[in-house]
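Dear colleague,

I am handing over the structure below, together with some notes on what came out of it. Please read the notes with the structure open beside them.

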Amino acid sequence: MLEWINLTTVSAAVLLIGMVGIITLPKPVDKVIMLAILQGGFIGTIVAAKYLDVAMAAAIFDPIATIIFLIGITKIQDIRNQKHEEEEGNLA
Amino acid sequence: MFMEILGIIIILMALRTLIAQDRAERMLYLNAMGFAISALIVLYIQTPFGAIMAITYFIASTLSSNAIAYSIGRVKKEILVK
């Protein structure tokens, strides 16, 4: 009855859930969290095809991508706040 | 039997991550899903390199979750995509 649950179908389902989350959730940090889910599904899909070396490279480089996204989000936040304060100072 | 149980856990945790309202709750489900995926990998590939792959994914997903959790409290007013 439950034979259809193996690594291939579970990874495909996780990929689809991550895709729907990235598209529908509005806030950037939520998008990054759903991107982490999508990376899990991606690595599961590669492992299901038994390309283990490619999967290991993807697993090593995924946290780097996440950290770069987070650095970008916090940095653009700081820059926008700074610009807003400067504009307020000019008006006053 | 273990693979079916782990698959059900993974799909349930992914759906709860999508549905959850609070962001800290979302991090919790993300961690649980990462652990279950590494267990499913090591049950699917039953060789030593499969174990090394599962260990690598475990460490990488924990690092990624840790980075997200560290920056949750830092972002105050977020820029929304209209």
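**Confidence and conventions**

Chain B has a mean pLDDT of 88, and 95% of its residues reach 70 or more, pLDDT being the predictor's confidence in each residue, from 0 to 100. For the complex, the predictor gives an ipTM of 0.87 and a pTM of 0.87. This is a predicted model, in which local features need pLDDT of at least 70 and side-chain atom pairs count only at pLDDT 80 or more, while totals for chains, interfaces and linings use all residues. Residues are numbered from 1 along each chain as its sequence is written, and chains are lettered from A and ligands numbered from 1 in the order in which they are written.

**Chain A on its own**

Chain A has three helices and zero strands, in the order α-α-α from the N terminus on; helices (H or I, at least four residues) and strands (E, at least two) are DSSP runs, numbered from the N terminus. The C-alpha trace of chain A spans about 70 × 30 × 10 Å along its principal axes. Its radius of gyration is 19 Å, whereas a compact globule of 92 residues would have one near 12 Å (taken over C-alpha atoms, with a globule rule of 2.2 Å times the number of residues to the power 0.38).

**Where the chains meet**

In the complex, 36 residues of chain A are in contact with 40 residues of chain B, contact meaning that the C-beta atoms of two residues, placed from the backbone, lie within 7 Å. On the side of chain A that touches chain B, the elements giving two or more residues are helix H1 (7-24), helix H2 (28-48) and helix H3 (52-91), and H3(A) gives the most, with 13 residues. By class, that side of chain A has 26 nonpolar, seven polar and three charged residues (Ala, Val, Leu, Ile, Met, Phe, Trp, Tyr, Cys and Pro count as nonpolar, Asp, Glu, Lys and Arg as charged, and the others, Gly among them, as polar).

**The H3 pair**

The axes of H3(A) and helix H3 (residues 48-70) of chain B come within 9 Å and cross at roughly 5 degrees, where axes are lines fitted to C-alpha atoms, for helices over the stretch in contact, and angles run from 0 to 180 degrees between N-to-C directions. H3(A) is therefore roughly parallel to H3(B), a term that covers angles under 35 degrees. Residues of H3(A), including Leu52(A), Met56(A) and Leu70(A), meet residues of H3(B), among them Phe49(B), Tyr57(B) and Ile68(B). The contact of H3(A) with H3(B) has 15 nonpolar, four polar and one charged residues.

With best wishes

Key:
Parallel < 35°, antiparallel > 145°, perpendicular 65-115°, else oblique.
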